[in-house]
Amino acid sequence: MAPAMLAMAEKPKPAVLLAGMASGPREVYESGRTKGMEWRQSQLRGLIRLLTDKEEEIFTVLYEDLGKHRGESFRDELGILVKSIKYTLQNLKKWMAPEKAESPLVAFPATAMAVPEPLGVVLIYSCWNLPLGLALEPLSGAIAAGNAVVLKPSELAPSTAAFLAANIPKYLDSRAVKVVLGGPSVGEELMEHRWDKVLFTGSARVGRIIMAKAVKHLTPVALELGSKCPCIVDWLGSKRDRQIAVNRIIGAKWSTCAGQACIAIDHVIVEERFAPILIELLKSTLKRFLAKPGGMARILNAKHFERLSGYLEDNGVAASVVHGGDIDPKTLSIEPTILLNPPVDSDVMNEEIFGPILPIITVKKTEDCIAYLKSKPKPLAIYAFTNNESLKRRIVEETSSGSVTFNDAVVQYALESVPFGGVGHSGFGQYHGKYSFELFSHKKAVFKRSFLIEFMFRYPPWDESKIGTLRHVFSYNYFLLFFNLLGLRR
């Protein structure tokens, strides 16, 4: 990245400038400009143009920040974004329409509806591991909902952050959509201002800071946090099924930003008898998949490299390595590493790994994994490779997580038809597709009545007759209500 762009990404913003970043979009929102369908559609089309016009530049900045191959960048960020935004455009009119609701017969004539309205001005903090996707996916939802937006990209992906700051004003309404560059101090200063919603994607540590800062203005917050996403591998009788499972495990661990993703597989749970077969399949398939350079992204920076290599320096963990383990500080690369039953009290088993290290934990029976999962914090995702319908049902019914995916992994992130988000320690708030629209909308209840009919039993002075009539109303017993109003008794 050019030195000037790097300086722009790192230069701190004065408080007065950040105040303008907050107040400018609010003025635009208050003018009503962002609320119309035409404006929303034009901004979404602008995002698609940005992604298509700047495709090569996007590949370049993602490579500079994370060493991602253009194939991985297109699969996980660029291609998936265009698909998602087109889906939003196709459905926006339907999502914006008021939803009819039932109104009680006693209120006749009356209508009830839920009218979606924008929240106002929203602040989005994106993360460094999918620096384009985690910025523009929620941004598209906030725009679709009719909000003005301030986007704070991660300073840890400076090339992508600078790209967004330089190009979003060219393709979108530059007064309604702002990009703020800077580090943690800028992120904290932004929370001193009033927002109508904040979406933060990142670590639980920073998420707690965001939550604490939000108290000042009672700002509603959605948090997308990490977790240790487990992957259960049941005994698969078919050789083909085993190979497909291994392909998908590797794709969801080492081919997804080198495991530096909140939805990447953190560790595998497998029956003892299947573990040797699984490990050998993983080894042989890794050799094929990563035979050429560029098959796996690099570690973000020296700090994260030291954290990950520190896991492997633990004597107990080092003794559990059954594949890989080589590291290169010069290139910030760590060989895909497989551990077999590392110590349960080791850091690698108690912290989110967020890297290319895969512990494999063995159990006597696959069903034992249920108790194991229930003893841990609720993860962002649970993955299970199994043809056992009873096990599938138990995982869904007896465990809690942001999502459950059977016989694949990570792909649920690409679906606009289901919500993406965590639960408990893995976060709260859901987005993608219509759920993004709803995250950044308020459903306003609208109830309309006429002056045609008036019932006096709802007002004092009270007597037992009025209370009896109210009992019929609240139990929807309109037959007895009708007789009561006529002065008849049962």
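## Overall architecture

Contact, as the word is used in this report, means heavy atoms within 4.5 Å. The structure is a predicted model. The protein chain holds 18 helices and 18 strands, and its C-alpha trace spans about 85 × 60 × 40 Å along the principal axes.

Of the 490 residues in the protein chain, 51% are buried. Where contacts join residues at least 6 apart in sequence, 71% of them link residues at least 24 apart.

## The six-stranded sheet

An open sheet is built from six strands in the order β5-β4-β3-β6-β7-β17, and its pairing is mixed. Strands β5 (177-179) and β17 form the edges, each pairing on one side only.

Within this sheet, β6 (residues 197-202) pairs with β7 (residues 221-225) in the parallel sense, over five bridges. Glycine 202 is placed opposite leucine 225 of β7.

## Helices against the sheet

Helix α9 (residues 204-214) packs on the sheet and touches β3 (121-125), β6, β7 and β17. The direction of α9 makes about 175° with that of β7.

Helix α7 (residues 158-171) lies across β4 (148-152) and β5. Relative to β5, α7 runs at about 155°.

## The α3-α6 helix pair

Helices α3 (residues 37-53) and α6 (residues 133-144) pack with their axes 9 Å apart, at an angle of about 160°. Because angles over 145 degrees count as roughly antiparallel, α3 is roughly antiparallel to α6. The crossing of α3 past α6 is left-handed.

On the α3 side, the contact is made by Trp39, Arg40, Gln43, Leu44, Leu47 and Leu51. These meet Leu136, Leu139, Ser140, Ile143 and Ala144 of α6. By class, the residues of this contact comprise eight nonpolar, two polar and one charged.

## Aspartate 408

Where in the chain is aspartate 408 placed? This residue sits in the loop between β16 (404-406) and β17 (427-428).

Is aspartate 408 buried or exposed? The relative accessible area of aspartate 408 is 19%; since buried means under 20%, aspartate 408 counts as buried. Leaving aside residues up to four places away in sequence, aspartate 408 touches Arg248, Tyr383 and Phe385.

Technical notes: Residues numbered from 1 in each chain as written. Predicted model: local features only at pLDDT ≥ 70, side-chain atom pairs only at ≥ 80, totals over all residues. Heavy atoms only, no water. Helix = DSSP H or I, 4+ residues; strand = E, 2+ residues; numbered from the N terminus. Buried < 20%, exposed > 50% of the residue type's maximum accessible area, 1.4 Å probe, protein only. Axes fitted to C-alpha atoms, helices over the stretch in contact; angles between N-to-C directions. Parallel < 35°, antiparallel > 145°, perpendicular 65-115°, else oblique. Left-handed = near helix turned anticlockwise from the far one by under 90°. Nonpolar A, V, L, I, M, F, W, Y, C, P; charged D, E, K, R; others polar. Pairing = 2+ DSSP bridges.
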